[in-house]
There are 2 protein chains.
Amino acid sequence: MSDRMGPALSEPIFNRVTIIGLGLIGSSIARAARRMNAAGEIVAADASEAVRARVLELGVADRAEASLADAVKDADLVVLCVPVGANGAVAEAMGPHLKPGCIVSDVGSVKSAVVAAVAPHLPAGVGFVPAHPVAGTEHSGPDAGFAALFLGRWCILTPPEGADPEHVAKVQTFWRAIGSNVEVMTPSHHDLVLAITSHVPHLIAYNIVGTAADLEEVTQSEVIKFSAGGFRDFTRIAASDPTMWRDIFLHNKDAVLEMLGRFNEDLAALQRMIRWGDGDGLFELFTRTRAIRRGIIEQGQETAAPDFGRRDAAGQ
Amino acid sequence: MSDRMGPALSEPIFNRVTIIGLGLIGSSIARAARRMNAAGEIVAADASEAVRARVLELGVADRAEASLADAVKDADLVVLCVPVGANGAVAEAMGPHLKPGCIVSDVGSVKSAVVAAVAPHLPAGVGFVPAHPVAGTEHSGPDAGFAALFLGRWCILTPPEGADPEHVAKVQTFWRAIGSNVEVMTPSHHDLVLAITSHVPHLIAYNIVGTAADLEEVTQSEVIKFSAGGFRDFTRIAASDPTMWRDIFLHNKDAVLEMLGRFNEDLAALQRMIRWGDGDGLFELFTRTRAIRRGIIEQGQETAAPDFGRRDAAGQ
């Protein structure tokens, strides 16, 4: 798969790229930018001394700084890769040290709240192009990252009103260079779409794993041990980073509650079908959702491999 | 992985094994039994002429019969691999043709309803040991099967009261031979455990994919195209066989409604945490579910590979 990233660029898109927060996403951006020569110099900033040491050990950045002021000095692109709730404080601390012409971006799964938290702290002459790479795994930390994480995945840019089109174009070029498909939409539409395709699914996965654990405790019997396809997928989702997901739910509250309301209405209808034995109604929905899955596979966002997350059993 | 199935048995456990319904599960049992020499002769029965022809083409059975009477004649083990709702009618049709000493089993995901539907049609002298191999993919049909499907997975046996322990032991030996771990429990406990670990997760996956499709239609915008980890896993689950799942929900109604009730209570509590900004409550649940995931990986029922179903992106 690494081959599919194609040849490196002959010259960098940005001379100096500073990445703040070297977790799964931040370290993957660093790795991908290095492999593709999308950045002349890569500077890492992380509050954790252990992470900074590990980043240098892994060779994913040229420098690792504890001070935000040192890290963003003379940067042409600064990418915030911290939990959504931390963006405001980071922007406030680094704002005065950004050079004119610098572009700030982020990778948050929530966009309206990030725009509201970050934009006020950026000085005039600094661009702001929020981004959300729709990619990830349930693992965290600098060791979890890999260069091909964004390959063939969507990166959604949500420039606030009045953003400089040249800034948007340059950030778009950067994400395309490291393998993403790029789409531009408003922050609020992004938040609604992601609420139903990502945030509510995560919430539900967390919820059902919790419900099953309670049942295990109450019945004093092994429940989770027999988990099959359905549940194992849910436990994988429910193993995602707790801090990141807490922040997402707190910062995309309105869209999540709206989508949860629709989900609950639909679930109540399904529950009623089961209670009253409406087999035709169930069959009709199940047939429709199967077709949707085929659509996703055709769009190349997924493979048809019958693995349910069990890579070693596929294709036998 | 095929190597891990180990060497074939020196002599078969059953002389003649008849498999009724050659879909994913039925054809996988046939393949596994053949590879392990667990059956002297494998007879396939399927109502579909196309399936019978394909089964012979694939070489997964020695004979393929349209008539149930012909198929079960002199069989030592008969395994019903039809949708749960069809078991009663099949049992009624084949019952008079079973030889004394024959053992009947099935693979249904629901057990109390299967016991109630099948047992009355079996003549005296015929054993009945229902089974549920907790394994599968979202694909269907004889081509979807593979010999290693059951390897390292649980197969739950739910003998009705008064079942002959020797029959139970023999069916257990058969499932172990084709790679399963075997556990014995009552039909009603099975149905409750599977409701929360499999049936409700599937229902929720079907539901959320439907909710997202509705949003796409209403907003006339692309929603599903941006589906990330969470949602893509749900669409895979929601692509499972519609007939099979309709039957499961109709035949495990009480346990599913009970578990759905618990799920809804817990979800309401989570929804409230989001509305009132209870970050600590969210963080606590998310941390707890992450630990459960680790438990499953430690029990060997899952790998830690960070693939979210994307096999080609893992390990980069």
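Predicted model: local features only at pLDDT ≥ 70, side-chain atom pairs only at ≥ 80, totals over all residues.
Two strands pair if DSSP finds at least two bridges between them. In chain B, B:Trp154 has B:Asn181 of strand 9 as its bridge partner. Strand 8, residues 154-157, and strand 9 of chain B are joined by four bridges and run in the parallel sense.

Three strands make it up, in the order 7-8-9, and the pairing is mixed. Strand 7 (131-133) and strand 9 (181-184) of chain B are the edges, each pairing on one side only. On average, neighbouring strands of this sheet are turned by 20° against each other, direction ignored. Strands of a sheet pair through backbone hydrogen bonds, and the sense can be parallel or antiparallel.

Now turn to chain A. Two domains divide this chain: domain 1 covers 2-185 and domain 2 covers 189-304. Their centres, taken over C-alpha atoms, are 30 Å apart. Domain 1 of chain A gives 15 residues to the contact, and domain 2 of chain A gives 17 residues. On the domain 1 side, six of the residues are nonpolar, seven are polar and two are charged.

One residue of chain A deserves a visit. A:Met259 sits in helix 10, which spans residues 253-275. Is A:Met259 buried or exposed? A:Met259 is buried, because 26 other C-beta atoms lie within 10 Å and the cut-off for buried is 20 or more. Leaving aside residues up to four places away in sequence, A:Met259 touches A:Ala195, A:Ile196 and A:Val200. A:Gly162 is 97 residues from A:Met259 along the chain, and 29 Å separate their C-alpha atoms.

How values were computed:
Residues numbered from 1 in each chain as written. Chains lettered and ligands numbered in written order. Helix = DSSP H or I, 4+ residues; strand = E, 2+ residues; numbered from the N terminus. Buried ≥ 20, exposed ≤ 12 C-beta atoms within 10 Å, placed from the backbone. Contact = placed C-beta atoms within 7 Å. Domains from an automatic or database assignment. Nonpolar A, V, L, I, M, F, W, Y, C, P; charged D, E, K, R; others polar. Axes fitted to C-alpha atoms, helices over the stretch in contact; angles between N-to-C directions.
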